[in-house]
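Open your viewer and get ready to click along. We will go from one selection to the next and say what is there at each stop.

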Amino acid sequence: EEQLFHKHLNEKEFQEMQTSKEIVGKRGAKVYSHWRPRYSISSGILDVKYTFKILSDMGFHDLALSKASGTHFPSYGYMLAFNATTLWETWWRSEDLYSRNHPMFGAIAEWMATSVAGISLHPTSVGGEELIFWPRIPTNRQVIDYASARQGTKRGDAAIAWRFVDTPQSTTSDQEVTTVRMRILVPPATKATLRLPPHAAHVVIYVANQMPDLIAAQQVASRKCHDKRQAEQYGFPYHWDYDRDQELWFKRNIPRAVGTPCDSYLWEVDNAPNDNEFSNLSWSVYDSAPIPYHDTLTQTTLQPGLFDIELPKWHLKPPIPDIPGYSDYRGDMGPYCSDPSQFEWDVEDAVHLM
């Protein structure tokens, strides 16, 4: 299928993909999609469940985001580029052999909720009696600058939303500092823990003095999201289209509704109509200082309620650069290797190889 795609690719797109090194080979011969590990997935159905989670948990969250958002083959973005609205059974595009509606690579959805947004069930609890809020907030804006998720429990929905506030548009300096704003909803009679890195020591936590009308907030957010999707200006920016008359593939740079980002309803609790009771929402300082959990985490216990959290001194860093020779596994293993035959490398070298 991939060879057929390259064979029937129109000349303009073929040359552009050659120049950008998305494909390797010459017209008339075998052409291959260029595998770039930094922006594609090198995992199969068994370990895709763990690849993103381990990268995020071990301090390489920005790399996990780059891999998850890449559009190079093989990747989830590659599926979207071919008009996918459901997950495929294989990374390869298939017209008639593999399923295009399959849970095979669906584990990324769990990572998006538990790591990117930061909400999960405590592994020793039942029915959501205990929750962990642990957002792996990135150190640059290369991929995302906000996220949100909801988690159903037997006592009601839990939710989290975070975003950068007044973030600099460039990340060329490692001295840039921004503020992270967060909203967390803890259902009644539920234990909850907020985990943050140690450098978030200046965190300020507020708790709502009264529970707002969350249904009204959801309706406001839903209307805004619907209107944004209908505009078809903010979703996935392009797709491949096959012209049956010319028997050629063309790239259409037209945004679609699929992939349209929408804000969480937790940001709408302050924006209710004046006749709604939660338009006068007030907050109080929540007196619970972070406690060191271990070297890389602090932990704060949250009571049931709605929380507004500020991390005022979040340091941004430049993204890890693409180093020539590291994005292509067939090239030189790099200057840090003490023994290439044993694949022993410095951890900084491993960052680029993941």
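Let us start with what lines the largest pocket: by class, 30 residues are nonpolar, 16 are polar and four are charged. Here Ala, Val, Leu, Ile, Met, Phe, Trp, Tyr, Cys and Pro count as nonpolar, Asp, Glu, Lys and Arg as charged, and the others, Gly among them, as polar.

Before you select anything, note that this is a predicted model, in which local features need pLDDT of at least 70, side-chain atom pairs count only at pLDDT 80 or more, and totals for chains, interfaces and linings use all residues. Residues are numbered from 1 along each chain as its sequence is written, and side-chain values use heavy atoms, with hydrogens and water left out.

**Stop 1: the largest pocket**

Select Met112, Ile144, Gly259, Thr260 and Pro261, the closest to the centre of the largest pocket among the 50 residues that line it. The space in this pocket is about 1,800 Å³. On a 1 Å grid over the protein atoms alone, a pocket is an open set of points with protein on both sides within 12 Å along at least five of seven lines, while a cavity is a set of points where a 1.4 Å probe fits but cannot get out; lining residues have an atom within 4 Å of a point. Grid points are joined across faces, edges and corners, and a volume is the space filled by probe spheres set on the points.

Now colour helix H6 (108-117), which gives the most to this lining, with seven residues. Other elements that give two or more residues include helix H4 (61-69), helix H5 (76-81), strand E5 (146-151) and helix H7 (214-231). Helices (H or I, at least four residues) and strands (E, at least two) are DSSP runs, numbered from the N terminus.

**Stop 2: the second largest pocket**

Next, select Gly59, Phe60, Ile137, Thr139 and His199; of the 26 residues lining the second largest pocket, these are the closest to its centre. Its volume is about 690 Å³. Which element supplies the largest share of this lining? That is H4, with three residues. The lining divides into 14 nonpolar, eight polar and four charged residues.

**Stop 3: helix H4**

Keep H4 selected. Eight of its nine residues are buried, so this helix is largely enclosed by the rest of the structure. Buried means under 20% relative accessible area, exposed over 50%, and partly exposed in between (1.4 Å probe, protein chains only). Click through the buried ones: His61, Asp62, Leu63, Ala64, Leu65, Ser66, Lys67 and Ala68.

Move on to the loop between H4 and H5, where you will find Pro74. The peptide bond from Phe73 to Pro74 is cis, with omega near -10°.

**Stop 4: the largest cavity**

Rolling a probe the size of a water molecule over the atoms shows where empty space is left. Four cavities of 30 Å³ or more are counted here, and the largest cavity holds about 120 Å³ of space. Select Met17, Glu22, Thr71, Tyr78 and Trp240, the closest to its centre among 15 lining residues. Helix H1 (2-7) and H5 each give two or more residues to the lining, and H1 gives the most, with three.

**Stop 5: helix H2**

Zoom in on helix H2 (residues 11-19), where Glu13, Phe14 and Met17 are buried. Seen down the axis of H2, these buried residues fall within an arc of 105°, so they line one face of the helix (the arc is that of the directions from the helix axis to the C-beta atoms). They pack against H1, strand E1 (23-24), strand E10 (239-243) and strand E11 (248-252). Turn to the face away from the buried side, and you will see the exposed residues Lys12 and Thr19.

**Stop 6: two loops**

Select Ala189, in the loop between strand E7 (177-186) and strand E8 (191-196). Its phi is near 50°, a positive value in a residue other than glycine. Is Ala189 buried or exposed? Ala189 is exposed, with a relative accessible area of 57%.

Then go to Glu247, in the loop between E10 and E11. Phi of Glu247 is also positive, near 55°. At 45% relative accessibility, Glu247 counts as partly exposed.

**Last stop: the whole chain**

Zoom out to view the eight helices and 15 strands of the chain. Of its 354 residues, 43% count as buried.

Definitions and conventions. Contact means heavy atoms within 4.5 Å.
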